[in-house]
Amino acid sequence: MTPRFISRCSLLLLILLVVSFSASDADARRSRKSSYKRSSKSWSKPASPSKKVWGQRDGGGIFGKTKKSSGYSKPGTKKKATATNTPKKTSASGYSKPGSTSTPKKKFAGTSSFDKKNATAMKKKKAAASYAAYQKETGKFKQKNAATKPSSYASSPIYRKTKKYSDFDYRTHYQRRDNYYRGRGWTPPGYAYRARSRFGMWDAMAWWMVLDTLGSRNSYAMAYHHADDPGYREWRQEADRMARDDAVLKAKLTELDAKVATLEGTPVQPDYLPDGMPPEVALSAEAMAKKTVDKPVFTLATASPGGNYTAFGNLLKQGAPTVDVNIRTTAGSMENLRLLATQEVDAAIVQSDAFEVFRRTSPKTPLAASEQVALYPEVVQMIANRKSGIQTVQDIEPDGEHILYIGPRGSGTAMTWEGLCLQDDGYRKIRTRNASYEEALDQVINNPNAVMMFVSGLNSSLLAKAEAVARDTKKIRLVQVDDWDFNDARDHNWNRIYQFVNIPSKTYPGLQKGFILGSDVESIAVSAVLVVRTDWARQYGPEAMDALSYAIMESKPVIQRRTNGLTR
């Protein structure tokens, strides 16, 4: 090798080292700038139910399934023919007959993998993991903690203003604390672990960090304002004891005293904390665990007082005692989305087709990011007079004599019809009329050209009445809603708007009776979706969301049985 070649290699190596160091330094700076609020929330810890509950639908918030980057078709557009969505043959009536498809149909069974047993098991697992985190953390310290009564610091303004939402989780507490220090580039010194983990109401790390950041008045002022606090005095006595054999520690304590002396005469602030330090970081885990739970207010928009949405709201209220659930009855999904958009409520239950209807009819009122979970299917159930010859939705003549009753104005049924029209403009050619469901049923019974639509769970009181009429008079039947183009419909977060279900033949024997035997009836269903604003979730943290998640796990099977007609 020539000297020139060696020189060039050395120069290249030096450049690579500088680039590597610069990148590492930039990463470190980015890490130090990360905020406590953004980095401290641990939303998908093991044994946390929230990812399981909220991870199946995407509202653009913390949870949600991963969006697909290919194969997307805008809501309202038709996909090209594929192996699972073949072209349809157009009938004389102007509609297209459903093509073959391999997409599975769901039996409307009203079942759920969520239940009280699973919720209980997850609670136990979470509690065990929380206690294990406590043991691991306290096991790092050589000195045992002294017994401290909460009465000794209960009057502290810092302790009193600190909020604890839902059950305390040691893992979350330590993760928040450590993320705060990590974001500021501070690592506890080794001698900190030779002492105790807490002093009075204080987490020991808060004081060791003060001692390591004496260049900032914002930091050493902490010692000045809390000089008479019993917990601070305990820490200082322990630090002085350790400093007898540690010259570095002794020098830091001497510097601390000198800095504090410069603040003499400054009015004492009992609630002082360094700028940016959350009180739950400064307080010990034990002090936080003993605090009374502060119930976060959770205003939930449902629908009419006696409906399924309000019934679920009451179940949620019973199942989440650490959350102050306030139920607000409304006209239904569209009003609920408006209330969410204007932040008048924290959560709402809406139909899965409401998002696109709202987005298209109210384009200037955007919906904020949210967490979403589907609760149960609401089936589109159509009833026709048997003399009409209508067996499927595609037999309804556009611009013809048939009249489709789509429920009262502003009802969920009317909104679902609007959603179908938005997906396929051809449905607008059908003559429709708004009327009460009772009036619509009377029309179907007596008018061969009348058809009615009703969106709900199975075996509702209206369908029970229709079943009795079908059984006694054989005048009316259940109509298939089998337009498979709706299978492709997605909302702007890529959630399916509709699902296809089979209503079992024994559900409505009279309405589903064929020439000899009864048969399953295929229909589409929308989902009743619980929507929680993401800013509420961020404000109250993982513990509050976990409390809601456990309640949902226990309540979801109950509401599914109710909407399937198995309970009243």
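Reader: Is Glu286 buried or exposed?

Author: First, a bit of background: this is a predicted model, where local features need pLDDT of at least 70, side-chain atom pairs count only at pLDDT 80 or more, and totals for chains, interfaces and linings use all residues. Residues are numbered from 1 along each chain as its sequence is written, and side-chain values use heavy atoms, with hydrogens and water left out. Buried means under 20% relative accessible area, exposed over 50%, and partly exposed in between (1.4 Å probe, protein chains only). Glu286 has 10% relative accessibility, so the word for Glu286 is buried.

Reader: Which residue forms a salt bridge with Glu286?

Author: A salt bridge is a side-chain nitrogen of Lys or Arg within 4 Å of a carboxyl oxygen of Asp or Glu. Here the closest N and O atoms are 3.6 Å apart, and the partner of Glu286 is Arg198.

Reader: How many residues apart are Glu286 and Arg198?

Author: Helices (H or I, at least four residues) and strands (E, at least two) are DSSP runs, numbered from the N terminus. Glu286 sits in helix α12 (residues 285-289) and Arg198 in strand β2, so this pair links distant parts of the chain, with a separation of 88 residues.

Reader: Why does the pair of Asp203 and Arg177 tie together parts that are apart in sequence?

Author: The side chains of Asp203 and Arg177 meet in a salt bridge at 3.1 Å, N to O. Asp203 lies in strand β3 (residues 202-203) and Arg177 in helix α6 (residues 170-183), so the parts tied together are apart in sequence by 26 residues.

Reader: Which residues are linked in a network of salt bridges with Arg177 and Asp203?

Author: The structure holds 25 salt bridges. In the network with Arg177 and Asp203, the other members are Glu137, Lys140 and Asp178.

Reader: Is Arg194 buried or partly exposed?

Author: Arg194 meets Asp246 in a salt bridge (3.6 Å, N to O). Asp246 counts as buried at 15% relative accessibility. Arg194 has a relative accessible area of 34%, so Arg194 is partly exposed.

Reader: Where is Trp494 found?

Author: Phi of Trp494 is near 70 degrees, a positive value in a residue other than glycine. Trp494 is buried, with a relative accessible area of 6%. Its place is the loop between β11 (476-479) and β12 (499-503).
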